[in-house]
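Biologist: I am new to this one. Please show me the structure, and then I will ask my questions.

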Amino acid sequence: MCGIIGYVGSKQAAPILLEGLSKLEYRGYDSAGIAVFSDDGITVKKSRGRLSVLSEMTDSGTNVSGTVGIGHTRWATHGEPSDVNSHPHLSSSGRFAVVHNGIIENYIPLKKKLMDKGIEFVSETDTEVVAHLFEYYYNGDVIDTMIKVIERVEGSYALGILSLDQPNEFIAVRKASPMIVGLGEGENFIASDVTAILNHTRNIYYLEDDEIVVLRADGVKVYNVDREEVKKEPFQVSWDVSAAEKGGYEHFMMKEIEEQPKALAETINPRIQDGKIVLDDISLTADYVKGINKIYIIACGSAYHVGVVGKYVIEKLCRIPVEAIVASEFRYSDPLITDKDLAIIISQSGETADTLAALKEAKSKGARTIGIVNVVGSAIANASDDVLYTWAGPEIAVATTKAYSTQLSVIYLLSVYMAKLAGRIDDAEYTKLVEEIKRLPELVSGILEKKEQVQYLASKFFNCHSIFFIGRNLDYAVSLEGSLKLKEISYIHSEAYAAGELKHGTISLIENGTLVVALATGDALFDKTVSNIKEVKARGAVVLGLAKADEPHRQDSGDYVIELPRVNELFMPSLAVIPLQLFGYYVASLKGCDIDKPRNLAKSVTVE
Ligand code: G6P
């Protein structure tokens, strides 16, 4: 949940580190710091607060001189956000400086052991243990020392370490936390993700767990824990630099909302050829699909909400029982999953700790696993039996939009593909469904063109204290996401409820003027949801409805109605979610919230 970067080359390191950190702030933004080799040793500058505080402190990096350095942006786990808990952390003598992303799970016994030897700790972090351990085991050889250190620490780590004795290089290692190596001309990098170094190079190495890398200006060497050199194949990143820039938008979130038609087209189009769904990335057979006992969809946050949509869609099309479950619950539930079951694991980042652990749990029980992942080469992508990538490009805003949408589209493709394989739908239905999926990018684009209507509605309701979202079946699944989008960035209390369940308690919270956002996009359940809308209106609620533009009674769905185009009902979530994303965005914007970096959150959650 932190971002790290490292640079070695001939240019001044600090401005490059700060620029890279600015791309990693989505991973954490409660403090930031850098350590750079300068003429008189290792200079550390760090501070609580946003990166802008560090930028100011260092004159955008210009008052820290040196060409080798490491940097960090933090999301606090061990120890509150403070100057002293900020990274980099130094060993007692100041000989080593460490940045770390992850958690050292056994830091308490290690800390005790080191304290018993007289070593003084200055911070409350788990990371400081690594700095002191490094010094404790240092024998003049940083690779040997790194091996000794990683043999002793448990948990997850991406580490960048400067050593005073080696001023022309730095050393790094990762395990279960992301870190890539960037290969430049006369300069080399480490970073938590490629967006941080795209301005400098597109050639990268992905690192396996516990591969140790020594970076110098003129080259990079990778070693395994037996100290043997490992030959790596460079990977060429195709994302263009603008993908990780705001490009004139005030916030990444709006840019990413607007990018959805393109992201959907890039995820869907290559997988539909001559009217057929082609999922070359996985190798499902008709017999396998027919034999599936149960499907588990496992994920966290918005990705879990995609799973809830997936449950309805897969059950409807494939007639296989599906359970959507949050990863943190699944992993400790002693799940009944077996080798007859399929686990679909959804994750934008591919590194969410609970999701990764749940994936391992499912595999250990023999289940086949399919990952739906955005970040190529991420831990979840690597650990899944098969991967279906979403081609959303880098997503920077903490509140996900285009990743959610592309994950939905992959669920649709997979559902229709499996339904056809298992013979649960005929050719005619298959053809129609495929055609409908193909229309999604254009339909989403049409909804985005009318975003001013949502902006207007947001201006009427941004002062609300509590907002409820209701819907039935797929509309309920989308309500979950709409409610989350609103509350995570606007800090307005919100709950999503199955429309039929409201009267079993929650309706007591409805007062005069309470806003209820009611999704009534289905044909079969429209009247049922309208009955629930009447129930809340009778108790004073103001209702903002979402209904199909060709629904004759759409005005019954609310005092204000957002109209949506018609697409096969199973795919309506892709359309209904767009106004809800916009609503959350505009409400948060009118409230003056920090939309891309909401308080207390981080985009990549690598702690459980
Ligand atoms: C965080 C993010 C959410 C995301 C969830 C799962 O909570 O703020 O937007 O849905 O993690 O992340 P993943 O990378 O696994 O999709």
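Biologist: Which residues does His-305 touch, not counting residues up to four places away in sequence?
Modeller: This is a predicted model: local features need pLDDT of at least 70, side-chain atom pairs count only at pLDDT 80 or more, and totals for chains, interfaces and linings use all residues. Residues are numbered from 1 along each chain as its sequence is written, and side-chain values use heavy atoms, with hydrogens and water left out. Contact means heavy atoms within 4.5 Å. By that rule, the residues that His-305 touches are Tyr-404, Leu-480, Glu-481 and Leu-484.

Biologist: Where is His-305 found, and is it buried or exposed?
Modeller: Helices are DSSP runs (H or I, at least four residues), strands are too (E, at least two), and both are numbered from the N terminus. His-305 is found in helix 9, residues 301-318. Buried means under 20% relative accessible area, exposed over 50%, partly exposed in between, with a 1.4 Å probe and protein chains only. His-305 has 9% relative accessibility, so it counts as buried.

Biologist: How many Å apart in space are His-305 and Tyr-404, C-alpha to C-alpha?
Modeller: In sequence, the two are 99 residues apart. In space, C-alpha to C-alpha, His-305 and Tyr-404 are 8.4 Å apart.

Biologist: At what angle do the axes of helix 13 and helix 18 cross?
Modeller: Axes are lines fitted to C-alpha atoms, for helices over the stretch in contact, and angles run from 0 to 180 degrees between N-to-C directions. The axes of helix 13 (residues 402-421) and helix 18 (residues 572-590) come within 10 Å. They cross at roughly 170 degrees.

Biologist: What does that make helix 13 relative to helix 18?
Modeller: Angles under 35 degrees count as roughly parallel, over 145 as roughly antiparallel, 65 to 115 as roughly perpendicular and the rest as oblique. The crossing is at roughly 170 degrees. Therefore helix 13 is, relative to helix 18, roughly antiparallel.

Biologist: Which residues of helix 18 make the contact?
Modeller: Helix 13 brings Tyr-404, Ser-405, Leu-408 and Tyr-412. From helix 18 come Pro-573, Ser-574, Val-577, Ile-578 and Gln-581.

Biologist: How do the residues of that contact divide into nonpolar, polar and charged?
Modeller: Ala, Val, Leu, Ile, Met, Phe, Trp, Tyr, Cys and Pro count as nonpolar; Asp, Glu, Lys and Arg count as charged; the others, Gly among them, count as polar. The contact of helix 13 with helix 18 divides into six nonpolar, three polar and no charged.

Biologist: What kind of pair do Tyr-585 and Tyr-586 form?
Modeller: Rings of Phe, Tyr and Trp (its six-membered ring) pair if their centres lie within 6.5 Å; planes under 30 degrees apart count as stacked, over 60 as edge-to-face and the rest as tilted. The structure holds ten aromatic pairs. In this one the centres are 5.4 Å apart and the planes are at 80 degrees, so the pair is edge-to-face.

Biologist: How many disulfides are there?
Modeller: A disulfide is a pair of cysteine sulfur atoms within 2.5 Å. For Cys-2, the nearest cysteine sulfur is that of Cys-300, 18 Å away. The count comes to zero disulfides.
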